[in-house]
Each structure stands twice: as structure tokens, then as C-alpha cells.
Amino acid sequence: MATSLSEAYRDTTLQLKHIIPLDFDSIHDLPESHVWTTKDNLDLLSEKPDVLSIPIIDLNALSATELVRNACQKWGMFHLINHGIPLSLVDEAEEHARRLFGLPLERKLKALRSPSGATGYGVARISPFFSKLMWHEGFTIMGSAVDHAKELWPDEYEEFCDIMDNYQKKMKSLAYKILLLILKALEVDDKNQDQEINCTPSFYQSEGALQLNSYPCCPNPNRAVGLAPHTDSLLLTILHQNDTNGLQIFQEGTGWVPVPPLSGALVVNMGDLMHIISNAHFPTVYHRVVPNETRHRFSIAYFYGPPTDSIIAPLSKFQTPCFRPVTLKEYISLKSRHLEKALTLLRN
Ligand SMILES: C=C1C[C@]23C[C@H]1CC[C@H]2[C@@]12CCC[C@@](C)(C(=O)O1)[C@H]2[C@@H]3C(=O)O
Ligand SMILES: O=C(O)CCC(=O)C(=O)O
Ligand SMILES: [Fe+2]
């Protein structure tokens, strides 16, 4: 039996302090547990003004492959327009994320992620790696959200589930399109795609995961962190952000570069698995979220990856692979134990 994505996350058991978010509604001062200092690697001063910005790519542009190649090499990230996802669906999904996070904490705790679970309400999975806690609450969906949605709204969970199902379905087919474009950008012949990605034939049958993120208004944003710096683990991530700043990416030699929301666009970023299959030609994007004093930020991230038993390795066109092959299941386990060091451990 193949291991599902949520099962692959099951072998790490977390402590409750690394699952239960703060009751943001009742807090007026930043608690000590959430105060980050330079000791915690907080370097807020390095944000660069708008001199640099990530490219905007039209999915239907004739030169899309070329543009994707450049964006992936230089940034590992781009804004995507003309992506074909109806704006009304994105709006509805955001509305339902607001509705969920707007529930009182006691209600949200009914859908709390279990200590060895992957889905439901809670803080970010990467929390145990940091000494301070984040100004953030999340809700993770893998496949159907129905079990947790019933815990939140015993009588009216269906609309939420339908919208999240539809959103995931549309994101999955968009992610597939983007993956094909990226393979083209990596000069993989159409006919050799399956073979080149020397994985199981089911490589494209992704399961994916959906993460709803909420970053409430923060009383002292200069001393808090919304989401700590991290890279996404899977192949690529498609992100919707509401009209509130906060996302930043780290550029070697430059520092933290803001990724302001662009109305109607989705942000696409490369994850660790893409870094591996591209033989490190495409960076995996190191990014974080900074909190805001007056605006509540919401985001919805769709993580796209192959089935957990797929073998991930640099494309065979690369004569000197710089990573050893690994199954996704193995990689997830490496990442839960070593975070960013997981990639280094795979270096040849
Ligand atoms: C399929 C995924 C991808 C996960 C784990 C699992 C479900 C939740 C995702 C996130 C969402 C928040 C940042 C991150 C770093 C986290 O802590 O949880 C992501 C992580 C990853 O990309 O590694
Ligand atoms: O809120 C954001 O913009 C970033 C979310 C994110 O990085 C994630 O969910 O992995
Ligand atoms: Fe992320």
C-alpha cells in the first residue's frame, strides 16, 4: 500500500506547545514567548526597498518557457497572471479561511492537529526548530477537509469542504501545467518527460496539501515573526495572499526582498524537490512572513508534489548529479529531523 502524504508526516510526534496557537483575540501585548531578538536570527533591518522585484509571468505568453527559465534560475519564484483560476473561487476560499480563523479559539481547538497528525488547526510544523513562537495560526488540509470541518461546524461544514475541494482540484491542474512548463524550461524533451524524471510512472499523480495561514494584527511587529524563514519541501507552491504585505524572500548578496501582493496574480515558488530534480540549477526559495500592526494577513498555499513513494533525483540529462536519489517519504522524514540541513545531507 502506498503511503499517503498525511501518513508520511505521522512519524514525528510534537509537543502541544508546538501545536496550539496563541489566543490572539485576547492579547494586547507581545508575550515573551513571541518576542524574537537578534539572538533568534531576527534581522529585520535588511529588508531592501522596491529596487528589486520578482518577475510577472503571463501563463499564455509565447515566451513563457523562456521567462520561466529566467525567473526560476534567478529567483526560484514568480508572480503568475492569466493562470485560469477564477477570481471568484480564490475570493471564496479566502472568505472561508477568514471565517475559520474568525472562530473563537475554543472552537478552533476542536479541530486541533493531533501530536502525530499532519492536518487540522495549529501552529506551523517547523515551530520546534525555533526557540520563539510565531505570530501565526494555520489550518492544514490533505485531501478532504471533512473530518476537521465537522469538528468546527457540526451542521454547516459542507460549503467549506466543497470550496476547498474545488480549490485543490483547480490548483492541482494548474500546478501540473506549471510543472510541464518548468520541464520545458529545463529542456526536457516532451517525449522523454516520464523517463527523464526517473520516477514511478505515477509521478504526476500528486496528492498535494493546502495550507490556510492567518497572521493577526500584531501589537509589536518589529519584535515578532509571522512565519520563520524556511523553504517549502515539495516541488512547487502556488500561493494566494490577501492585500496585506508580509512575505519576503532571501536573495544571496541582497537580503530580504518583499513580495507584495499583486491583485489577481498567484505567486509560484520552487521547493526543495525542484531544487533536486533541476540539479541545483533552480534555487529552493528561502522565505518568511513579517507581521503587520494594523492589517490581518491571510494566505493560502497549495503544495504540489509527487506520490510519497516516488524517487526524486536530478534529471538524467545532468551528467554529474549533485544529489543522491531519495523517495519523497524518506525526504519528508529527513526534513522533519533536520529542516534546511536535509538537502545538504543528500549532496553527493
Ligand atoms: C505538505 C506539506 C508542506 C508543509 C508540511 C506539509 C503540510 C504543511 C506545510 C507547511 C505550511 C507552512 C510552512 C511549512 C514549512 C510548514 O511548517 O508547514 C510547510 C511545510 C513544508 O513545505 O515543508
Ligand atoms: O503567508 C505567506 O505568504 C507564506 C506562507 C508560506 O510560506 C507557507 O505556507 O509555506
Ligand atoms: Fe512557505
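I call a residue buried under 20% relative accessible area, exposed over 50% and partly exposed in between, with a 1.4 Å probe and protein chains only.

**Ground rules.** I am working on a predicted model, where local features need pLDDT of at least 70, side-chain atom pairs count only at pLDDT 80 or more, and totals for chains, interfaces and linings use all residues. Residues are numbered from 1 along each chain as its sequence is written, chains are lettered from A and ligands numbered from 1 in the order in which they are written, and side-chain values use heavy atoms, with hydrogens and water left out.

**H275.** I looked up its burial. H275 is buried because its relative accessible area is 11%. H275 sits in helix α8, residues 272–277. Helices (H or I, at least four residues) and strands (E, at least two) are DSSP runs, numbered from the N terminus. I then checked its neighbours, taking contact as heavy atoms within 4.5 Å. Leaving out residues up to four places away in sequence, H275 touches A280, F282, P283, T284, F323, L343 and R347. A polar atom of the H275 side chain lies 2.7 Å from the backbone oxygen of F282.

H230 and D232 are both buried.

**Ligand 1.** I counted residues with a heavy atom within 4 Å as near. Ligand 1 is surrounded by 13 residues, the closest being Y9, R125, I126, D232 and S233. A polar side-chain atom of S233 comes to 2.5 Å from a ligand 1 oxygen. A backbone N or O atom of R125 lies 3.0 Å from an oxygen of ligand 1.

**Aromatics.** I searched for ring pairs: Phe, Tyr and Trp (its six-membered ring) with centres within 6.5 Å, stacked under 30 degrees between planes, edge-to-face over 60, tilted for the rest. The whole structure gives nine aromatic pairs. F250 and Y286 pair edge-to-face, 6.3 Å centre to centre with 85° between the planes. F250 is in strand β8 (residues 247–251) and Y286 in the loop between α8 and β11 (287–289), 36 residues apart. F250 counts as partly exposed because its relative accessibility is 29%. Y286 counts as partly exposed because its value is 32%. F101, Y121 and F298 make one aromatic cluster.

Methods:
A polar contact is a pair of N or O atoms within 3.5 Å; within protein, one must be able to donate a hydrogen and the other to accept it, and residues adjacent in sequence count only if both atoms are side-chain atoms.
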